[in-house]
Amino acid sequence: MVALDLLGRRWALRILWELHQAPAGFRELQRRCERMSASVLTTRLEELQASRLVAQEDGGYHLTELGAELVAVLLPLNAWSKRWAEADISTAK
């Protein structure tokens with residue numbers, strides 16, 4: 001339940017997804033996340049670092065091994081959600 005609580009927080013999954021694509025500094029990550037507020041990004045990064053999913057080195061953020069494992073587990077959910085969205089669109093016609 002703790003993991004679901006963390007991942008359910010606004011922007012948490014988006015941050016993980018963006019860092020899965022490539023490491024990023026604070027401003028780059030903020031830009032990739034559609035310019036979310038600096039305070040929210042700071043809070044989420046602190047939470048994700050405290051949870052050992054994200055680390056900061058040389059001014060940039062990246063997924064830890066644990067964070068990368070989490071994203072790997074979520075990839076099938078991403079694939080399923082795309083199929084679900086397509087099915088929803090095709091049945092709406």
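**View A. Arg-31, with a relative accessibility of 44%, counts as partly exposed.** Salt bridges with shared partners join Arg-31 into one network with Arg-14, Glu-18, Glu-28, Arg-32 and Glu-34. The model shown here and in the other views is predicted. Which residue forms a salt bridge with Arg-31 at a closest N and O distance of 2.7 Å? That partner is Glu-28. Glu-28 and Arg-31 both belong to helix α3, and because they are 3 residues apart there, about one helical turn separates them. Glu-28 has a relative accessible area of 31%, which makes this residue partly exposed. A search of the whole structure gives 8 salt bridges.

**View B. Arg-32 and Glu-18 form a salt bridge, with their closest N and O atoms 3.9 Å apart.** This pair links distant parts of the chain: Arg-32 sits in helix α3 (residues 26-32) and Glu-18 in helix α2, 14 residues apart. Are the two partners buried or exposed? Arg-32 has a relative accessibility of 15%, and buried means under 20%, so Arg-32 counts as buried. Glu-18, with a relative accessible area of 10%, is buried as well. Both residues belong to the network of salt bridges that also includes Arg-31.

**View C. A salt bridge joins Arg-9 to Glu-47, and the closest N and O atoms are 3.3 Å apart.** Distant parts of the chain are linked by this pair, since Arg-9 lies in the loop between α1 (2-7) and α2, Glu-47 lies in helix α4 (residues 38-50), and 38 residues separate them. Arg-9 counts as partly exposed, at 29% relative accessibility. The loop between α1 and α2 also holds Trp-11. The phi angle of Trp-11 is near 75°, which is positive in a residue other than glycine. Most residues other than glycine have a negative phi.

**View D. Arg-52 has a positive phi of about 65°, although this residue is not a glycine.** Where is Arg-52? Arg-52 is in the loop between α4 and β2 (54-57). Its relative accessibility is 56%, and exposed means over 50%, so Arg-52 counts as exposed. Arg-52 is one of the residues in contact with Thr-64.

**View E. Thr-64 is placed in the loop between β3 (60-63) and α5.** With a relative accessibility of 18%, Thr-64 counts as buried. Which residues are in contact with Thr-64, if neighbours within four places in sequence are left aside? They are Arg-52, Leu-53, Val-54 and Ala-55.

**View F. Trp-80 and Trp-84 both belong to helix α5 and are 4 residues apart, about one turn of the helix.** A search of the whole structure finds 1 aromatic pair. In this pair, the ring centres of Trp-80 and Trp-84 are 5.4 Å apart and the ring planes are at 10°, so the pair is stacked. Planes under 30 degrees apart count as stacked. Trp-80 counts as partly exposed at 42% relative accessibility, whereas Trp-84 counts as exposed at 54%.

**View G. The largest pocket has a volume of about 260 Å³.** Its lining consists of Leu-7, Leu-13, Leu-16, Trp-17, Val-71, Leu-74, Leu-75, Leu-77, Asn-78 and Ser-81. Which element supplies the largest share of this lining? Helix α5 does, with 6 residues. Two elements, α2 (12-21) and α5 (65-91), supply at least two lining residues each. By type, the lining divides into 8 nonpolar and 2 polar residues, with no charged ones.

View H. Starting from the N terminus, the elements follow the order α-α-β-α-α-β-β-α. Along the principal axes, the C-alpha atoms fill a box of roughly 50 × 25 × 25 Å. The chain has 93 residues, of which 30% count as buried. Among contacts between residues at least 6 apart in sequence, 44% join residues at least 24 apart.

Technical notes: Residues are numbered from 1 along each chain as its sequence is written. This is a predicted model: local features need pLDDT of at least 70, side-chain atom pairs count only at pLDDT 80 or more; totals for chains, interfaces and linings use all residues. Side-chain values use heavy atoms; hydrogens and water are left out. On a 1 Å grid over the protein atoms alone, a cavity is a set of points where a 1.4 Å probe fits but cannot get out, and a pocket is an open set with protein on both sides within 12 Å along at least five of seven lines; lining residues have an atom within 4 Å of a point. Grid points are joined across faces, edges and corners, and a volume is the space filled by probe spheres set on the points. Ala, Val, Leu, Ile, Met, Phe, Trp, Tyr, Cys and Pro count as nonpolar, Asp, Glu, Lys and Arg as charged, and the others, Gly among them, as polar. A salt bridge is a side-chain nitrogen of Lys or Arg within 4 Å of a carboxyl oxygen of Asp or Glu. Buried means under 20% relative accessible area, exposed over 50%, partly exposed in between (1.4 Å probe, protein chains only). Rings of Phe, Tyr and Trp (its six-membered ring) pair if their centres lie within 6.5 Å; planes under 30 degrees apart count as stacked, over 60 as edge-to-face and the rest as tilted. Contact means heavy atoms within 4.5 Å.
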